[in-house]
Amino acid sequence: MATDTDKATPTTLTARLLSTLLAGLLIGALEVALATSYATLIFNGELLPHLSRGVGMSLFSATVGITVAGLLSAIPVLICSNQDVPGAVVAVAVAAAAGMLAAPDVEFATAAVLIALTTFMVGATFLLLGGFRLTALVRFLPYPVAGGFLAGTGWLLVSGGIHMMFGGAVSPSTLGDLLAPGALGHWLPGVVLGGLIYFLGQRVRHTLFLPGMIAGAFVLFYLVAFLRGATLTTLSAGGWLLGPFPGDRLWQPISAAELGRVQWAVVWPQLPNLLAGVAISAIALLLNVTGLELTLRQDLDLNQEMRAAGWANLANVLGTGFPTYHSISVTVLNSRLGTASRLSGLTAAVVTGLTLLFGGAALGAFPKLIFGGLLVYLGLSFLWEWAVAARKRLPPIDYAIVLIILVTIAAVGFLPGVVVGVVAAVVMFVVSYSRASVVKHELDGTSFRSRVTRSPGARALLLATGTQAYYLQLQGFIFFGTAYSLLQQARARARRVDTQYVVLDFRQVIGLDSTALLSFDKMRQLARDGGFVLVVAGLSPALREQFATGGLNEEAGVLRFAPDLDRAAEWIEDQVCLAAEMAGQGTLDDYWQAIVPGEATTRLIGYLARREIPAGAYLIHQGDAPDLIYFIESGQVTAQLEREGLVPVRLETMRGGRTVGELGFYLGTQRSAAVVAEQPTVVYSLTQTELARIERDDPAAASAFHRLVVHLLGERVLHLMRAVEALQR
């Protein structure tokens, strides 16, 4: 394994530089070929006489795109290329416009303006999406859809490589031509080369491996050609070479006089086609960047990449260039060629720029099978990773989506494949989600109670009758299927157990499908017929409005709404033990004697200071010093967490016999919550100084005091443990 020292040696640096320059040369030559093909796609038919200028426009956009986007992107090896997706849309629009014109000079000017207008709209859209940071939605694209897109890209690369070498489309209808003896020699060696590069590259990890394979294939090709007596002319005529490319100057920008001959009347009707091209380009760019993240294993800022492509397209408008954006195939090829810097991209831009200015006759000597083999190599790497190796790391459903997208892209095309994949992912998600329960926790009154602290008698009653209250904490998004399962669950519980109250907690529900209201309406009818009260808690304002729109309003003895689960439980407990609570009111001595009986407990009360607190008054302010401990004899107080600008959060509601502020009193910490009287309340208080005097003068009373506090704290901890245990079931 190479060490850091080895990486810094002059030999290694020289090898890297050579690899980078060779990568730039190869990428540049490939970009020239791609630019020529895209120009041919648009400038055909009646525009064929202007093909040379079209190639120049395409080379201009390739040069500017590689340079501008490459410098602004966070991807050092980025290659921004002319793209077939918007190119096909532009070709349709240009052909439609050209068919309505007669004069050749008018045709070219109008076509150039259509191309420039499309490029401007693409660039402006990219800048708006990136500038307003609107690209995050692509993060919600399911992982198997991205994988299927990459697998489909692999197939397109393999078929594109064969197409480049064979000279015809790869489809079932051309299978006979592909397998003809004369055609096999054109594309089969390239496929073998691509396979060798891929499979040997899994074992040979060296910077110069891929450049060495390319150089070797180049030498071998011309060695075989020389031995067979072939010349450049015969090789080019036989379709073995990348060219021919124009040998003269291709840079012929549109003039002001030509702009004056633009027929705007045929431009505006093509705007719908151009807008479709813009939308498709935005989607394709986001998919390409997401694919590059997965392939290069690099986290990217989608907004930055969108802005980089936007500026590149706006710069292309100056030369009436074609729409360009990130090319996943050429970028990955650039990375696989062993480069890790922007120098290879800039070198490629130099190649396309020189071809633009001086012609590309020399580039016509590159064998097609080398570039076709490189495309096959890239395609095999994508196909192997996502159509073969992914089988072991993806769940069956996700893997099936990958294959569905791959087959659709191969049979129909890129966009239909992505659309089918998204639809399949949505369907699979709905099926999977419908099987998952929206019930996060299922509790009853034996394990869950409100934050109201009650008397021992009331607690015993609630424990004995706890199964009458049934609590369901819901989560996620509820639609018709999951709501119906919820109805069935409530119906089964009501039949099996004596249930008086069913509580549905919606605090963690993010949304509700309108059809789900039908199941909740049936649940209301079930409550009416079954004799229990349905309590709906924690509804957000939007969900509460949905319930009201669906006719689900409060109905005495049937349906009740509560602000949260805690208040719902409090109301149920009040209904269950109201009589016991009324009968259980007593003096502080009555409460304490039930815990620590004896004269010492009675004497202890004599040391305390009695105080009456009106409703709404603060017993403790948040942040107060912990100088007092309070004991409630009658009334009710609530401990609440107060935060500026927010509604107070109830922590605990306490009634007769409970202690308040004991933690701060013992630990010496500031009050972490406020305590407010909800009713006229009578409390007894004890100071630290008075407790010290009791411990000195009346040890038995002091012992009773500590035993009381420990007992009350123990009850709280025990209740908390039971609640936690219930939530973990």
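User: Is F631 buried or exposed?

Analyst: This is a predicted model, in which local features need pLDDT of at least 70, side-chain atom pairs count only at pLDDT 80 or more, and totals for chains, interfaces and linings use all residues. Residues are numbered from 1 along each chain as its sequence is written, and side-chain values use heavy atoms, with hydrogens and water left out. Buried means under 20% relative accessible area, exposed over 50% and partly exposed in between (1.4 Å probe, protein chains only). F631 has 0% relative accessibility, so F631 is buried. W592 is also at 0% and therefore buried.

User: How many aromatic pairs does the structure hold?

Analyst: Rings of Phe, Tyr and Trp (its six-membered ring) pair if their centres lie within 6.5 Å; planes under 30 degrees apart are stacked, over 60 edge-to-face, the rest tilted. The structure holds 19 such pairs. In one of them, the ring centres of F218 and Y222 are 5.1 Å apart with planes at 50 degrees, so this pair is tilted. F218 is partly exposed because its relative accessibility is 32%; Y222, at 21%, is therefore partly exposed. The rings of W592 and F631 have centres 4.8 Å apart and planes at 80 degrees, which means an edge-to-face pair.

User: Which residues form one aromatic cluster with F218?

Analyst: The cluster consists of F218, F221, Y222, F366 and F371.
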